[in-house]
Amino acid sequence: MRTEDEYSVQLTFREQWLDERLKFDDIGGRLKYLTLTEANRVWMPDLFFSNEKEGHFHNIIMPNVYIRIFPYGSVLYSIRISLTLACPMNLKLYPLDRQVCSLRMASYGWTTADLVFLWKEGDPVQVVKNLHLPRFTLEKFLTDYCNSKTNTGEYSCLKVDLLFKREFSYYLIQIYIPCCMLVIVSWVSFWLDQGAVPARVSLGVTTLLTMATQTSGINASLPPVSYTKAIDVWTGVCLTFVFGALLEFALVNYASRSADRAADMHRENMKKKRREMEQASLDAASDLLDTDSNATFAMKPLVRHPGDPLALEKLRQCEVHMQAPKRPNCCRSWLSKFPTRQCSRSKRIDVISRITFPLVFALFNLVYWSTYLFREEEED
(Lines give C-alpha, C1' and ligand atoms only; values in the text may rest on other atoms or scores of the structure.)
Protein backbone atom coordinates (compact mmCIF):
# COMPACT_ATOMS: atom_id res chain seq x y z
CA MET A 1 0.00 0.00 0.00
CA ARG A 2 1.22 3.51 -0.80
CA THR A 3 -1.28 6.28 -0.07
CA GLU A 4 -4.92 6.12 0.92
CA ASP A 5 -6.22 6.32 -2.66
CA GLU A 6 -3.85 3.94 -4.45
CA TYR A 7 -1.92 0.75 -3.89
CA SER A 8 1.04 -0.93 -5.57
CA VAL A 9 1.45 -4.62 -6.42
CA GLN A 10 4.10 -6.77 -7.98
CA LEU A 11 2.66 -9.75 -9.80
CA THR A 12 3.35 -12.47 -12.30
CA PHE A 13 0.64 -12.19 -14.91
CA ARG A 14 -0.28 -15.22 -16.99
CA GLU A 15 -2.79 -15.69 -19.77
CA GLN A 16 -3.42 -18.63 -22.05
CA TRP A 17 -5.29 -18.95 -25.36
CA LEU A 18 -5.58 -21.32 -28.32
CA ASP A 19 -4.20 -20.39 -31.75
CA GLU A 20 -4.58 -23.30 -34.18
CA ARG A 21 -2.24 -21.62 -36.62
CA LEU A 22 0.67 -22.42 -34.31
CA LYS A 23 0.26 -26.20 -34.25
CA PHE A 24 3.46 -28.18 -34.86
CA ASP A 25 4.79 -31.74 -34.80
CA ASP A 26 6.10 -32.74 -31.38
CA ILE A 27 8.40 -35.40 -32.87
CA GLY A 28 6.77 -38.28 -31.08
CA GLY A 29 6.35 -36.49 -27.77
CA ARG A 30 9.99 -35.47 -27.45
CA LEU A 31 9.24 -31.78 -27.96
CA LYS A 32 6.97 -30.51 -25.16
CA TYR A 33 6.81 -26.83 -26.14
CA LEU A 34 8.63 -24.01 -27.84
CA THR A 35 9.77 -20.95 -25.90
CA LEU A 36 9.83 -17.39 -27.26
CA THR A 37 10.99 -14.19 -25.55
CA GLU A 38 9.66 -11.70 -28.09
CA ALA A 39 5.91 -11.14 -27.85
CA ASN A 40 5.64 -9.44 -31.24
CA ARG A 41 6.20 -12.72 -33.08
CA VAL A 42 2.73 -14.10 -32.19
CA TRP A 43 -0.76 -12.69 -31.92
CA MET A 44 -1.67 -11.55 -28.39
CA PRO A 45 -4.88 -10.28 -26.73
CA ASP A 46 -4.97 -6.49 -26.22
CA LEU A 47 -5.43 -6.71 -22.46
CA PHE A 48 -4.84 -3.66 -20.25
CA PHE A 49 -5.35 -2.76 -16.57
CA SER A 50 -8.21 -0.26 -16.49
CA ASN A 51 -7.47 1.17 -13.03
CA GLU A 52 -3.71 1.44 -13.52
CA LYS A 53 -1.93 4.69 -12.65
CA GLU A 54 1.59 3.64 -13.57
CA GLY A 55 3.54 0.46 -14.13
CA HIS A 56 6.72 -1.05 -15.52
CA PHE A 57 8.24 -4.34 -16.64
CA HIS A 58 11.21 -6.05 -15.00
CA ASN A 59 14.31 -6.39 -17.18
CA ILE A 60 17.04 -7.44 -14.75
CA ILE A 61 19.09 -9.39 -15.78
CA MET A 62 17.00 -10.42 -18.75
CA PRO A 63 13.41 -9.41 -19.53
CA ASN A 64 11.14 -11.32 -17.13
CA VAL A 65 8.83 -12.65 -19.82
CA TYR A 66 8.33 -15.85 -21.78
CA ILE A 67 5.90 -17.32 -24.33
CA ARG A 68 5.38 -21.06 -24.53
CA ILE A 69 3.77 -22.62 -27.62
CA PHE A 70 2.48 -26.16 -27.22
CA PRO A 71 2.13 -28.67 -30.09
CA TYR A 72 -1.68 -28.43 -30.18
CA GLY A 73 -1.59 -24.62 -30.66
CA SER A 74 -2.01 -23.50 -27.05
CA VAL A 75 -0.05 -20.37 -26.09
CA LEU A 76 0.99 -19.50 -22.52
CA TYR A 77 2.16 -15.94 -21.90
CA SER A 78 3.84 -15.04 -18.60
CA ILE A 79 5.36 -11.70 -17.52
CA ARG A 80 6.42 -10.07 -14.28
CA ILE A 81 5.18 -6.50 -13.81
CA SER A 82 4.81 -3.87 -11.08
CA LEU A 83 1.68 -1.72 -11.01
CA THR A 84 0.31 1.23 -9.09
CA LEU A 85 -3.48 0.97 -9.12
CA ALA A 86 -6.23 3.34 -8.07
CA CYS A 87 -8.25 2.33 -5.03
CA PRO A 88 -10.96 4.79 -3.90
CA MET A 89 -11.36 4.33 -0.16
CA ASN A 90 -14.12 5.20 2.28
CA LEU A 91 -12.31 6.62 5.32
CA LYS A 92 -15.26 7.30 7.62
CA LEU A 93 -14.08 4.60 10.03
CA TYR A 94 -10.35 5.30 9.62
CA PRO A 95 -8.30 3.77 11.24
CA LEU A 96 -10.87 1.13 12.24
CA ASP A 97 -11.84 0.44 8.65
CA ARG A 98 -11.73 -2.29 6.03
CA GLN A 99 -11.09 -1.53 2.38
CA VAL A 100 -11.80 -3.30 -0.90
CA CYS A 101 -9.31 -2.67 -3.70
CA SER A 102 -9.80 -4.03 -7.20
CA LEU A 103 -7.51 -5.19 -9.98
CA ARG A 104 -9.36 -4.83 -13.31
CA MET A 105 -8.23 -6.34 -16.61
CA ALA A 106 -10.14 -5.64 -19.82
CA SER A 107 -9.83 -5.75 -23.58
CA TYR A 108 -8.99 -2.42 -25.14
CA GLY A 109 -10.15 -2.83 -28.74
CA TRP A 110 -11.73 -6.26 -29.22
CA THR A 111 -15.41 -6.54 -28.29
CA THR A 112 -17.03 -9.62 -26.76
CA ALA A 113 -18.00 -10.73 -30.28
CA ASP A 114 -14.30 -11.28 -31.00
CA LEU A 115 -12.60 -11.77 -27.61
CA VAL A 116 -13.82 -13.00 -24.22
CA PHE A 117 -11.71 -13.30 -21.06
CA LEU A 118 -12.45 -16.22 -18.70
CA TRP A 119 -11.00 -17.15 -15.34
CA LYS A 120 -9.11 -20.42 -15.25
CA GLU A 121 -10.96 -23.14 -13.38
CA GLY A 122 -9.57 -24.27 -10.09
CA ASP A 123 -7.28 -21.68 -8.56
CA PRO A 124 -6.98 -18.66 -10.87
CA VAL A 125 -5.26 -16.40 -8.31
CA GLN A 126 -2.37 -17.42 -6.06
CA VAL A 127 -1.04 -15.29 -3.22
CA VAL A 128 2.35 -15.89 -1.65
CA LYS A 129 2.14 -17.46 1.80
CA ASN A 130 4.60 -15.08 3.49
CA LEU A 131 2.84 -11.92 2.34
CA HIS A 132 3.34 -9.13 4.91
CA LEU A 133 1.94 -5.62 4.61
CA PRO A 134 3.04 -2.86 7.00
CA ARG A 135 -0.41 -1.45 7.79
CA PHE A 136 -2.89 -3.93 6.32
CA THR A 137 -3.82 -7.57 6.45
CA LEU A 138 -5.13 -9.27 3.33
CA GLU A 139 -8.20 -11.11 4.62
CA LYS A 140 -9.39 -12.65 1.35
CA PHE A 141 -9.82 -12.05 -2.37
CA LEU A 142 -12.68 -12.65 -4.79
CA THR A 143 -12.66 -13.14 -8.56
CA ASP A 144 -15.49 -11.85 -10.73
CA TYR A 145 -16.41 -10.43 -14.17
CA CYS A 146 -16.87 -6.74 -14.93
CA ASN A 147 -17.87 -6.46 -18.59
CA SER A 148 -18.39 -2.87 -19.64
CA LYS A 149 -20.67 -1.44 -22.33
CA THR A 150 -19.72 1.73 -24.18
CA ASN A 151 -20.78 3.49 -27.37
CA THR A 152 -18.38 1.32 -29.35
CA GLY A 153 -19.60 -2.01 -27.98
CA GLU A 154 -19.29 -4.39 -25.03
CA TYR A 155 -15.82 -5.34 -23.79
CA SER A 156 -14.81 -8.33 -21.72
CA CYS A 157 -13.38 -7.61 -18.27
CA LEU A 158 -12.02 -9.57 -15.32
CA LYS A 159 -11.50 -8.27 -11.79
CA VAL A 160 -10.01 -9.36 -8.48
CA ASP A 161 -11.37 -7.78 -5.30
CA LEU A 162 -8.79 -7.65 -2.49
CA LEU A 163 -10.23 -7.25 1.02
CA PHE A 164 -7.80 -5.44 3.33
CA LYS A 165 -8.15 -4.96 7.06
CA ARG A 166 -6.16 -2.09 8.56
CA GLU A 167 -3.75 -3.03 11.34
CA PHE A 168 -4.95 -1.06 14.36
CA SER A 169 -1.98 -1.73 16.65
CA TYR A 170 0.16 0.79 14.75
CA TYR A 171 -2.39 3.58 15.21
CA LEU A 172 -2.98 2.62 18.84
CA ILE A 173 0.71 3.10 19.62
CA GLN A 174 1.37 6.09 17.38
CA ILE A 175 -1.84 8.12 17.76
CA TYR A 176 -4.33 7.02 20.42
CA ILE A 177 -2.01 6.41 23.36
CA PRO A 178 0.05 9.62 22.80
CA CYS A 179 -3.16 11.66 22.56
CA CYS A 180 -4.40 10.16 25.84
CA MET A 181 -1.09 10.97 27.47
CA LEU A 182 -1.23 14.59 26.29
CA VAL A 183 -4.74 15.00 27.65
CA ILE A 184 -3.73 13.51 31.02
CA VAL A 185 -0.62 15.72 31.18
CA SER A 186 -2.81 18.79 30.66
CA TRP A 187 -4.71 17.83 33.83
CA VAL A 188 -1.54 18.19 35.93
CA SER A 189 -2.20 21.94 36.04
CA PHE A 190 -5.28 21.26 38.20
CA TRP A 191 -2.96 20.02 40.96
CA LEU A 192 -0.54 22.93 40.80
CA ASP A 193 -0.92 25.95 43.04
CA GLN A 194 -3.04 28.70 41.54
CA GLY A 195 -0.19 31.13 42.13
CA ALA A 196 2.18 29.13 39.90
CA VAL A 197 1.19 31.10 36.82
CA PRO A 198 4.30 30.43 34.65
CA ALA A 199 4.16 26.68 35.28
CA ARG A 200 0.46 26.32 34.52
CA VAL A 201 0.57 28.55 31.44
CA SER A 202 3.62 26.83 29.96
CA LEU A 203 2.11 23.39 30.61
CA GLY A 204 -1.18 24.31 28.95
CA VAL A 205 0.37 26.00 25.93
CA THR A 206 2.91 23.19 25.40
CA THR A 207 0.30 20.42 25.45
CA LEU A 208 -1.98 22.44 23.19
CA LEU A 209 0.72 23.05 20.59
CA THR A 210 1.86 19.41 20.71
CA MET A 211 -1.69 18.19 20.21
CA ALA A 212 -2.23 20.59 17.31
CA THR A 213 1.02 19.48 15.66
CA GLN A 214 0.09 15.82 15.95
CA THR A 215 -3.36 16.48 14.49
CA SER A 216 -1.91 18.31 11.49
CA GLY A 217 0.59 15.48 10.93
CA ILE A 218 -2.21 12.90 10.86
CA ASN A 219 -4.24 14.92 8.36
CA ALA A 220 -1.19 15.52 6.15
CA SER A 221 -0.87 11.77 5.49
CA LEU A 222 -4.50 11.43 4.36
CA PRO A 223 -6.25 12.70 1.26
CA PRO A 224 -8.62 15.65 1.86
CA VAL A 225 -12.20 14.41 2.15
CA SER A 226 -15.48 16.20 2.78
CA TYR A 227 -16.70 13.91 5.57
CA THR A 228 -15.58 13.41 9.16
CA LYS A 229 -13.33 10.46 9.91
CA ALA A 230 -13.15 8.51 13.15
CA ILE A 231 -9.65 9.84 13.78
CA ASP A 232 -10.94 13.41 13.33
CA VAL A 233 -13.46 12.88 16.13
CA TRP A 234 -10.74 11.51 18.43
CA THR A 235 -8.17 14.24 17.79
CA GLY A 236 -10.83 16.97 17.87
CA VAL A 237 -12.13 15.91 21.28
CA CYS A 238 -8.61 15.49 22.69
CA LEU A 239 -7.70 18.95 21.41
CA THR A 240 -10.86 20.32 23.05
CA PHE A 241 -9.92 18.77 26.40
CA VAL A 242 -6.42 20.25 26.27
CA PHE A 243 -7.82 23.65 25.31
CA GLY A 244 -10.42 23.35 28.09
CA ALA A 245 -7.67 22.75 30.65
CA LEU A 246 -5.98 25.98 29.51
CA LEU A 247 -9.26 27.90 29.76
CA GLU A 248 -9.83 26.42 33.23
CA PHE A 249 -6.66 28.07 34.47
CA ALA A 250 -7.78 31.39 33.02
CA LEU A 251 -11.03 31.02 34.98
CA VAL A 252 -9.15 30.06 38.15
CA ASN A 253 -6.84 33.05 37.80
CA TYR A 254 -9.77 35.41 37.28
CA ALA A 255 -11.65 33.97 40.28
CA SER A 256 -8.53 34.25 42.44
CA ARG A 257 -7.99 37.91 41.54
CA SER A 258 -11.68 38.67 42.11
CA ALA A 259 -11.54 37.02 45.54
CA ASP A 260 -8.41 39.00 46.46
CA ARG A 261 -10.06 42.27 45.42
CA ALA A 262 -13.19 41.39 47.43
CA ALA A 263 -11.09 40.54 50.50
CA ASP A 264 -9.16 43.81 50.23
CA MET A 265 -12.39 45.78 49.95
CA HIS A 266 -13.83 43.92 52.96
CA ARG A 267 -10.78 44.70 55.06
CA GLU A 268 -10.90 48.35 54.05
CA ASN A 269 -14.57 48.60 54.98
CA MET A 270 -13.96 46.96 58.37
CA LYS A 271 -11.13 49.36 59.11
CA LYS A 272 -13.25 52.30 58.06
CA LYS A 273 -16.17 51.25 60.29
CA ARG A 274 -13.82 50.62 63.20
CA ARG A 275 -12.36 54.12 62.87
CA GLU A 276 -15.85 55.64 62.69
CA MET A 277 -17.02 53.79 65.80
CA GLU A 278 -13.88 54.80 67.72
CA GLN A 279 -14.39 58.44 66.73
CA ALA A 280 -18.07 58.29 67.74
CA SER A 281 -17.20 56.84 71.15
CA LEU A 282 -14.59 59.54 71.77
CA ASP A 283 -17.08 62.27 70.84
CA ALA A 284 -19.74 60.83 73.19
CA ALA A 285 -17.27 60.59 76.07
CA SER A 286 -16.18 64.18 75.50
CA ASP A 287 -19.82 65.39 75.62
CA LEU A 288 -20.46 63.60 78.90
CA LEU A 289 -17.34 65.08 80.48
CA ASP A 290 -18.39 68.57 79.44
CA THR A 291 -21.94 68.14 80.86
CA ASP A 292 -21.00 66.92 84.32
CA SER A 293 -17.36 67.52 85.08
CA ASN A 294 -17.83 66.59 88.80
CA ALA A 295 -19.32 63.18 88.11
CA THR A 296 -16.82 60.41 88.29
CA PHE A 297 -17.52 56.99 86.91
CA ALA A 298 -15.72 54.19 85.21
CA MET A 299 -16.59 54.26 81.56
CA LYS A 300 -16.01 51.18 79.55
CA PRO A 301 -14.88 51.68 76.00
CA LEU A 302 -17.72 51.51 73.49
CA VAL A 303 -15.54 49.98 70.79
CA ARG A 304 -13.23 47.09 71.47
CA HIS A 305 -9.74 47.04 70.14
CA PRO A 306 -8.74 44.58 67.38
CA GLY A 307 -6.92 42.44 69.92
CA ASP A 308 -10.05 42.05 72.04
CA PRO A 309 -11.18 38.34 72.19
CA LEU A 310 -14.83 39.34 71.70
CA ALA A 311 -14.02 41.35 68.56
CA LEU A 312 -12.01 38.48 67.11
CA GLU A 313 -14.87 36.10 67.79
CA LYS A 314 -17.33 38.34 65.92
CA LEU A 315 -14.98 38.55 62.94
CA ARG A 316 -14.65 34.77 62.83
CA GLN A 317 -18.43 34.39 62.94
CA CYS A 318 -18.74 36.83 60.01
CA GLU A 319 -16.21 34.87 57.98
CA VAL A 320 -17.85 31.53 58.77
CA HIS A 321 -21.20 32.98 57.78
CA MET A 322 -19.80 34.12 54.44
CA GLN A 323 -18.34 30.65 53.79
CA ALA A 324 -21.34 28.64 54.90
CA PRO A 325 -23.59 27.33 52.06
CA LYS A 326 -27.12 28.51 51.88
CA ARG A 327 -28.49 25.00 51.33
CA PRO A 328 -26.49 22.02 52.58
CA ASN A 329 -26.12 19.21 50.02
CA CYS A 330 -23.84 16.27 49.32
CA CYS A 331 -21.67 18.12 46.78
CA ARG A 332 -20.97 21.03 49.12
CA SER A 333 -20.31 18.65 52.00
CA TRP A 334 -17.80 16.76 49.85
CA LEU A 335 -16.12 19.99 48.69
CA SER A 336 -15.85 21.21 52.29
CA LYS A 337 -13.47 18.31 53.03
CA PHE A 338 -10.84 19.87 50.78
CA PRO A 339 -8.66 22.63 52.24
CA THR A 340 -9.69 25.93 50.69
CA ARG A 341 -8.77 29.49 51.40
CA GLN A 342 -11.15 31.86 53.05
CA CYS A 343 -13.91 32.92 50.64
CA SER A 344 -11.90 31.45 47.67
CA ARG A 345 -13.71 30.00 44.66
CA SER A 346 -10.60 29.38 42.59
CA LYS A 347 -9.51 26.39 44.67
CA ARG A 348 -12.96 24.85 44.36
CA ILE A 349 -12.81 25.19 40.56
CA ASP A 350 -9.57 23.21 40.55
CA VAL A 351 -11.06 20.54 42.81
CA ILE A 352 -14.14 20.18 40.60
CA SER A 353 -11.98 20.02 37.46
CA ARG A 354 -9.86 17.20 38.94
CA ILE A 355 -12.97 15.01 38.97
CA THR A 356 -15.02 16.40 36.07
CA PHE A 357 -12.39 16.25 33.31
CA PRO A 358 -11.40 12.57 33.86
CA LEU A 359 -15.02 11.48 34.18
CA VAL A 360 -16.10 13.23 30.98
CA PHE A 361 -13.06 11.88 29.09
CA ALA A 362 -13.80 8.34 30.30
CA LEU A 363 -17.43 8.73 29.17
CA PHE A 364 -16.24 9.94 25.75
CA ASN A 365 -13.97 6.88 25.40
CA LEU A 366 -16.86 4.58 26.23
CA VAL A 367 -19.12 6.18 23.61
CA TYR A 368 -16.35 6.45 20.98
CA TRP A 369 -15.14 2.86 21.10
CA SER A 370 -18.59 1.32 21.40
CA THR A 371 -19.88 3.39 18.47
CA TYR A 372 -17.10 2.78 15.97
CA LEU A 373 -16.41 -0.84 16.89
CA PHE A 374 -20.10 -1.73 16.52
CA ARG A 375 -20.28 0.14 13.21
CA GLU A 376 -17.29 -1.82 11.96
CA GLU A 377 -18.99 -5.13 12.86
CA GLU A 378 -22.20 -4.06 11.12
CA GLU A 379 -20.36 -3.23 7.89
CA ASP A 380 -18.68 -6.64 7.94
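Modeller: A disulfide here is a pair of cysteine sulfur atoms within 2.5 Å. This is a predicted model: local features need pLDDT of at least 70, side-chain atom pairs count only at pLDDT 80 or more, and totals for chains, interfaces and linings use all residues. Residues are numbered from 1 along each chain as its sequence is written, and side-chain values use heavy atoms, with hydrogens and water left out.

The rule gives 2 disulfides. Counting bonded cysteines along the chain, the pattern is 1-2, 3-4.

Take C87 and C101. Their S to S distance is 2.0 Å. The torsion about the S-S bond is about -80°, so this disulfide is left-handed. C87 lies in the loop between strand 6 (74-86) and strand 7 (98-107), and C101 in strand 7, so the pair ties together parts 14 residues apart in sequence. Strands are DSSP runs of E, at least two residues, numbered from the N terminus. C87 and C101 are both buried, meaning under 20% relative accessible area with a 1.4 Å probe, protein chains only.

Now C146 and C157. Their sulfur atoms are 2.0 Å apart in a disulfide. This link is left-handed, with -55° about the S-S bond. C146 is in the loop between strand 8 (136-145) and strand 9 (148-150), while C157 is in strand 11 (residues 157-166), 11 residues apart. Both C146 and C157 are buried.

C179 is in no disulfide; its nearest cysteine sulfur, that of C238, is 4.9 Å away. C179 has 0% relative accessibility and counts as buried. C238 is in no disulfide either. C238 is also buried, at 0% relative accessibility.

Definitions and conventions: Helix = DSSP H or I, 4+ residues; strand = E, 2+ residues; numbered from the N terminus. Buried < 20%, exposed > 50% of the residue type's maximum accessible area, 1.4 Å probe, protein only.
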